[in-house]
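Hello,

I am passing a structure on to you, and I hope you enjoy looking through it. My notes on what turned up follow just below.

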Amino acid sequence: MNDDARTNIGTPAPTPGNPGSAELRDQVERTRDELGQTVEALAAKADIKAQAKEKTAAVKDQAVEKAALVTEQIRETAGAAVQLVKDKTPDPLLEKTAQAAVQVRESAAKAGHYATDKTPDPLLEKAGQAATAARANRTPLLVAGAAVVVFLLIRRSRGHRR
């Protein structure tokens, strides 16, 4: 074969008198496809980052499934424990407990209303503003509170050493 009988990718060009050239081209194409697939498979095996991501995703999925299973088991166990306590607790005690809870709620509501009624309006407004500011700035307040607690603990521990 001469240079004119080849295409620019190295596959023999079809010749009218050669019946095997079509079969040869098909075979070359199949071989190229197989080689391409093999190269892709090797590249995938060599891609450690992609393998790590796949493994991480698989482990994460397993952890989520396990957490859901454990959560469900805990709920079932807690439900069974609650039912067991209810079954073992005498009815009069359950009734007294329910009545006491109602009385505590009512007393707390009365105390809240009493405090609100007896507190001057300007003080209530200032308290409302302070509560709004506290809700808007929770993080700095928590940090400041933690700092005060640490300071008091250090001061207290130094007082015990003397």
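Accessible areas here come from the Shrake-Rupley method with a 1.4 Å probe, and for residues only the protein chains shown count as cover. On that basis, the accessible surface of the protein comes to about 14500 Å², and 60% of this belongs to carbon and sulfur atoms.

Some background first: this is a predicted model, where local features need pLDDT of at least 70, side-chain atom pairs count only at pLDDT 80 or more, and totals for chains, interfaces and linings use all residues. Residues are numbered from 1 along each chain as its sequence is written, and side-chain values use heavy atoms, with hydrogens and water left out.

Now the overall build. You will find 5 helices and 0 strands (DSSP runs numbered from the N terminus: H or I of at least four residues for helices, E of at least two for strands). The pattern along the sequence is α-α-α-α-α. Of the 162 residues, 3% count as buried (under 20% relative accessible area; exposed is over 50%, and partly exposed lies in between, with a 1.4 Å probe and protein chains only).

Where does T89 lie? T89 sits in the loop between α2 (48-88) and α3 (91-118). With a relative accessible area of 18%, T89 is buried. Its side chain reaches the backbone oxygen of V85 at 2.6 Å.

Helix α5 (residues 138-161) holds L152, which is partly exposed, at a relative accessible area of 44%.

Best wishes

Note on methods. Polar contact = N/O pair within 3.5 Å; in protein donor to acceptor, adjacent residues only side chain to side chain.
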